[in-house]
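I opened a new notebook page for this chain. My entries follow the order in which I looked things up.

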Amino acid sequence: MTRTEKVVLITGASSGIGEATARRLAAEGHRVFLGARRTDRLAALAAEVAEVADGGDRVGFQRLDVTDAADVRKFVTAARERFGRVDVMVNNAGVMPLSPLAELKVHEWDRMIDVNVRGVLYGIAAVLPVMREQGGGHIVNIASVGAYEVVPTAAVYCATKYAVRALSEGLRQESAGDVRVTVVSPGVTESELADSISDPRAREDMKSYRSAAIPASAIADAIAFAVHSPAEVDVNELVVRPAASAQ
């Protein structure tokens, strides 16, 4: 099937879901612009993607800190200058340092709010004017099954993902017929998210929880499904879980 080539921006692209999404969409003929703090990984990924992409200038990258609104604006500007437009923004960057509230790890709470909520808001703020000027676009926000349920040690993380879901729904209602909005909520997925857990109990619990995980490519498939939907179709929510998991 012939698809219209799109310019896709991806945050948190140096690993996990972001990396898998970059590979999937570039392989299908889209131009991708990648953002993350680890530029060594971005450079390696961009080189690999360029080799398998169907010729031409199809991939770019820039260091990106999603907690810095000015940095996100620069990221979007750089992508637009390179490729001429911005069709899709995948707000994927996220952190998950779980711990019981009683541990009072306020610095970790702040980090989750900064990356998981402000990072998404800054992404929306940077691309929405561009997309409206162009006459359309698509914003894909990555939430979690934690946007639908709360479990011990994950109260703050779940709160941030509930916020992503709420922001996505609000943006959808405000942008009907203008900018498409999709929220993708992964279940247990192979990624580096759990590496940020400093609390010993939460870290041990997560090992058991993650015993049945789906590959990041499964979430990339869901994102691609939404991106490839016809212009008149707005895929709003996708929840993707391991088939063997009840959570």
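I started at phenylalanine 75, which is buried at a relative accessible area of 0%. The model is predicted, so I kept in mind that side-chain atom pairs count only at pLDDT 80 or more. I then listed the aromatic pairs, and the count is 2. In one of them, phenylalanine 33 and phenylalanine 75 have ring centres 5.3 Å apart. Their planes stand at 45°, so I logged the pair as tilted. Phenylalanine 33 sits in strand β2 and phenylalanine 75 in helix α3, 42 residues apart. Phenylalanine 33 is buried too, at 3% relative accessibility.

Next I looked at phenylalanine 33 with phenylalanine 83. Here the ring centres are 6.4 Å apart and the planes meet at 85°, so this pair is edge-to-face. It ties strand β2 to helix α3 across 50 residues of sequence. Phenylalanine 83 is buried, as is phenylalanine 33. I noted Phe33, Phe75 and Phe83 as a cluster linked by ring pairs.

**Nonpolar cores.** Which residues have the most contacts inside the largest nonpolar core? I found Leu9, Val76 and Ile139, in a core of 39 residues. The elements giving two or more residues to this core are β1 (7-11), α3 (69-83), α4 (106-134), α5 (155-174) and β6 (179-186). Helix α4 gives the most, with 9 residues.

I then took leucine 9 and listed its contacts, leaving out residues up to four places away in sequence. Leucine 9 touches Phe33, Phe75, Val76, Ala79, Val86, Val88, Met89 and Val90.

**Helix α1.** I checked the span of α1, residues 16-27. Its 12 residues reach 17 Å from first C-alpha to last, close to the 16 Å expected. I listed the buried residues as Gly16, Ile17, Gly18, Ala20, Thr21, Ala22, Leu25 and Ala26. They pack against β1, β2 (31-36), α2 (39-52), β6 and α7 (216-228). After α1 comes glycine 29, with a positive phi near 100°.

I noted two residues here. Leucine 104 has phi near 55°. It lies in the loop between β4 (88-91) and α4. Threonine 153 has phi near 75°. It lies in the loop between β5 (137-142) and α5. Are these residues buried or exposed? Leucine 104 has a relative accessible area of 58%, so it is exposed. Threonine 153 is at 12%, so it is buried.

**Salt bridges.** My search of the whole structure gave 13. Arginine 23 and glutamate 48 form one, with the closest N and O atoms 2.7 Å apart. It ties helix α1 to helix α2, across 25 residues of sequence. Arginine 23 is partly exposed at 33%, and glutamate 48 is partly exposed at 37%.

I next looked at arginine 165 and glutamate 237, which meet at 3.4 Å, N to O. Arginine 165 is in helix α5 and glutamate 237 in strand β7, so the pair ties parts 72 residues apart in sequence. Arginine 165 is partly exposed at 29%. Glutamate 237 is also partly exposed, at 37%.

Glutamate 169 and arginine 172 meet at 2.8 Å, N to O. Both lie in helix α5, 3 residues apart, about one turn of the helix. An α-helix has 3.6 residues a turn, so residues three or four places apart point the same way. Glutamate 169 is partly exposed at 30%, and arginine 172 is partly exposed at 26%. I also logged Glu5, Arg31 and Arg58 as linked in a network of salt bridges.

**Whole chain.** I closed with the totals. I counted 7 helices and 7 strands. Along the sequence they follow the pattern β-α-β-α-β-α-β-α-β-α-β-α-α-β. Of the 247 residues, 50% count as buried. Among contacts between residues at least 6 apart in sequence, 72% join residues at least 24 apart. The accessible surface comes to about 11100 Å². Carbon and sulfur atoms account for 51% of it.

Definitions and conventions:
Residues numbered from 1 in each chain as written. Predicted model: local features only at pLDDT ≥ 70, side-chain atom pairs only at ≥ 80, totals over all residues. Heavy atoms only, no water. Core = buried A, V, L, I, M, F, W, Y, C linked by side-chain atoms within 4.5 Å. Buried < 20%, exposed > 50% of the residue type's maximum accessible area, 1.4 Å probe, protein only. Helix = DSSP H or I, 4+ residues; strand = E, 2+ residues; numbered from the N terminus. Contact = heavy atoms within 4.5 Å. Expected span 1.5 Å × (residues − 1). Areas by Shrake-Rupley, 256 points an atom, 1.4 Å probe, with all protein chains shown as cover. Phe/Tyr/Trp six-rings, centres within 6.5 Å; stacked < 30°, edge-to-face > 60°. Salt bridge = Lys/Arg side-chain N within 4 Å of Asp/Glu carboxyl O.
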